[in-house]
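Here is a short briefing on one protein chain. Look at the structure first, then read the points below.

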Amino acid sequence: MGIFRFFVCLFLLLLSSASLPDDYQVSSGSDHSCAIDETGVVCWGGADNEFGQISVPVLSNPVQIVSGQSHVCTLDNSEVICWGYNGSGQTDVPTLSNPISVSAGSHNTCALSDAGVSCWGGSGSVNDVPNLSSPLAIDVGVAEACALEASRVVC
């Protein structure tokens, strides 16, 4: 029994020290989920893909994946690409200058780029981005968006 315990402990130790690569991600909307793995982006669920939210477009190098209620966006190379439900304009990506991150809310999407924070779709109040000096991160909720700056959070 001693050798068996040794190998079980060794296996558990190796298993616990193994981790997924840093570029693996998963994101879920109201009825769908998407992930980035070694093959690229894969999506599933989506109530029979009613809005096309699991129909992944051709991507070359996805580095971030986010899901809204029924839409999905990815940061792919140096552009944001969105697909799925577009009833509020949440997949109509504006021109962005070197986007570095994206966040999807219920019916809104925001991106952080060299030009600052840009938001589109859904409620106009989320799209009214306040004056931000140097945003570091963004997050979009159901009817709000927040940005992290060096010494404060602005919503």
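Cys73 and Cys82 are joined by a disulfide, with their sulfur atoms 2.1 Å apart. A disulfide here is a pair of cysteine sulfur atoms within 2.5 Å. The model is predicted: local features need pLDDT of at least 70, side-chain atom pairs count only at pLDDT 80 or more, and totals for chains, interfaces and linings use all residues. Residues are numbered from 1 along each chain as its sequence is written, and side-chain values use heavy atoms, leaving out hydrogens and water.

**Disulfides**

- A disulfide is a covalent bond between the sulfur atoms of two cysteines.
- The whole structure holds 4 disulfides.
- Count the bonded cysteines along the chain, and the pattern reads 1-2, 3-4, 5-6, 7-8.
- The torsion about the S-S bond of Cys73 and Cys82 is about 110°, so this disulfide is right-handed.
- Cys73 and Cys82 are both buried. Buried means under 20% relative accessible area, exposed means over 50%, and partly exposed lies in between (1.4 Å probe, protein chains only).
- Cys34 and Cys43 form a disulfide with sulfur atoms 2.1 Å apart. Their link is right-handed, with 110° about the S-S bond.
- Cys34 is buried, because its relative accessible area is 0%. Cys43 counts as buried because its relative accessibility is 11%.
- Cys110 is bonded to Cys119, S to S 2.0 Å. This link of Cys110 and Cys119 is right-handed, at 110° about the S-S bond.
- Cys110 and Cys119 are both buried.

**A three-stranded sheet**

- Strands of a sheet pair through backbone hydrogen bonds, either parallel or antiparallel.
- An open sheet of 3 strands runs in the order E7-E8-E9, with antiparallel pairing. Strands are DSSP runs (E, at least two residues), numbered from the N terminus. Two strands pair if DSSP finds at least two bridges between them.
- The edge strands are E7 (101–104) and E9 (116–120), and each pairs on one side only.
- Strand E8 covers residues 109–113 and pairs with E9 over 5 bridges, in the antiparallel sense.
- Leu112 has Val117 in E9 as its bridge partner.

**A nonpolar surface patch**

- Val26, Val42 and Trp44 make a nonpolar surface patch of about 290 Å². Patch residues have over 30% relative accessible area and no salt bridge, and nonpolar side chains (Val, Leu, Ile, Met, Phe, Trp, Tyr) are joined within 5 Å. A salt bridge is a side-chain nitrogen of Lys or Arg within 4 Å of a carboxyl oxygen of Asp or Glu.
- Trp44 lies in strand E3 (residues 40–45).
- Trp44 is partly exposed, because its relative accessible area is 42%.

Note on methods. Helices (H or I, at least four residues) and strands (E, at least two) are DSSP runs, numbered from the N terminus. Patches are made of residues with over 30% relative accessible area and no salt bridge: like charges are joined within 9 Å, nonpolar side chains (Val, Leu, Ile, Met, Phe, Trp, Tyr) within 5 Å. Accessible areas come from the Shrake-Rupley method with a 1.4 Å probe; for residues, only the protein chains shown count as cover.
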